[in-house]
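Please have the sequence and the 3D view open while reading.

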Amino acid sequence: MYNIIFVGAPGAGKGTQASMVAKKLNLVHISSGDLFRQALEQGTRLGKQAKTYMERGVLVPDEITIQMVMEQLSAPDGENGVILDGFPRNLPQAEALDSALDRQGKAINKVVSIMVSEAELIKRLSGRWLCRQCQTVYNAVNSPPRVAGKCDKCGGELYQRPDDKPETVQKRLDVYFAETAPLIEYYRRQGKLLEIEGEGSVEEVTRRIVSALPAEKLATR
Ligand code: AP5
Ligand code: MG
């Protein structure tokens with residue numbers, strides 16, 4: 001059982017890396033942002049509730065978010081462990097997660113903090129395209145799809161996230177530094193933090209993360 005959190009600013013590559021690393025280590029990838037976007041696409045009550053917050057670039061209230069992620073965590077396919085991407089995002093969420101896992105006799109093993117400069121974050125977000133069906137992430141400059149507008153994996157339609165407009169990106173960055181960055185100290189104090197340089201190619205960053213993890217995994221077993 002190996003439970004990992006990926007933390008990092010918007011555009012740091014949490015989603016891209018979580019999906020690569022989850023595949024390599026046979027873990028379940030749980031992305032709170034993807035769950036909200038799926039709910040929005042399906043027009044559910046959860047999606048409608050989340051929409052007003054997401055389009056402003058602010059956090060969805062904890063009571064909505066925590067319940068949604070906990071439901072995913074208790075699903076049976078996560079017996080090898082999970083990668084949490086985009087959750088927790090503030091101290092109350094981190095504390096709720098710790099106590100929920102504790103009640104199940106589980107814990108977070110490692111927290112991967114992906115570090116990228118602000119100029120690079122802004123560049124990445126302005127070129128991001130996503131698949132409406134399977135959420136695969138592309139970048140118009142760095143990793144374009146084979147056919148413009150179409151997902152390589154499932155043929156789904158690609159779209160740009162409405163919260164990737166420049167003014168919302170700035171708000172999301174402000175929210176990250178004010179509310180989420182303090183989690184880095186929280187996990188450093190617990191001895192769980194791995195700081196990974198997030199610039200370089202996607203494959204390079206994946207290699208850095210995977211090579212930092214197994215030794216740590218053996219150490220925590
Ligand atoms: P969420 O979906 O989590 O967005 P985010 O944290 O802003 O992060 P992003 O998804 O924008 O970036 P990423 O780090 O995943 O980067 P990616 O891999 O896509 O949250 C959205 C909203 O939902 C929030 O604002 C909030 O409202 C709500 N929400 C979600 N979770 C919540 C929570 N826990 N509590 C409350 N509210 C919550 O990569 C970005 C781009 O860069 C892509 O184009 C990619 O191809 C490219 N790229 C990736 N790696 C590289 C590389 N190495 N080199 C060059 N380009 C790269
Ligand atoms: Mg993401």
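This is a predicted model: local features need pLDDT of at least 70, side-chain atom pairs count only at pLDDT 80 or more; totals for chains, interfaces and linings use all residues.

Which residue in β7 is the bridge partner of Cys 131? The partner is Leu 158.

- Three strands form an open sheet in the order β6-β5-β7, and their pairing is antiparallel.
- β6 and β7 (158-159) are the edge strands, since each of them pairs on one side only.
- In general, strands of a sheet pair through backbone hydrogen bonds, in either a parallel or an antiparallel manner.

**Pairing of β5**

- Strand β5 covers residues 128-131 and is joined to β7 by two bridges, the two strands running antiparallel.
- The pair formed by Cys 131 and Leu 158 is a bridge between these strands.
- β5 is joined to β6 by three bridges, again with the strands running antiparallel.
- Arg 128 has Asn 139, in β6, as its bridge partner.
- A hairpin is formed by β5 and β6, with five residues between them.
- Gln 135, in the turn of this hairpin, has a positive phi of about 70 degrees.

- The side chain of Asn 139 places an N or O atom 2.9 Å from an oxygen atom of ligand 1.
- From a nitrogen atom of ligand 1 to an N or O atom in the side chain of Arg 124, the distance is 3.4 Å.
- Gly 200 contributes a backbone N or O atom, which lies 2.8 Å from a nitrogen atom of ligand 1.
- Ligand 1 exposes 1100 Å² when taken alone, and 97% of that is buried by the protein.

**The shell around ligand 1**

- The elements giving two or more residues to the shell are α1 (14-25), α2 (32-42), α6 (118-126) and β6 (137-139).
- α2 gives the most, with four residues.
- There are 36 residues around ligand 1, and those that come nearest are Thr 16, Val 58, Arg 89, Arg 128 and Arg 172.
- By class, the shell residues divide into 13 nonpolar, 15 polar and eight charged.

Note on methods. Residues are numbered from 1 along each chain as its sequence is written. Chains are lettered from A and ligands numbered from 1 in the order in which they are written. Side-chain values use heavy atoms; hydrogens and water are left out. A residue is near a molecule or strand if one of its heavy atoms lies within 4 Å of it. A polar contact is a pair of N or O atoms within 3.5 Å; within protein, one must be able to donate a hydrogen and the other to accept it, and residues adjacent in sequence count only if both atoms are side-chain atoms. Accessible areas come from the Shrake-Rupley method with a 1.4 Å probe; for residues, only the protein chains shown count as cover. Ala, Val, Leu, Ile, Met, Phe, Trp, Tyr, Cys and Pro count as nonpolar, Asp, Glu, Lys and Arg as charged, and the others, Gly among them, as polar. Two strands pair if DSSP finds at least two bridges between them.
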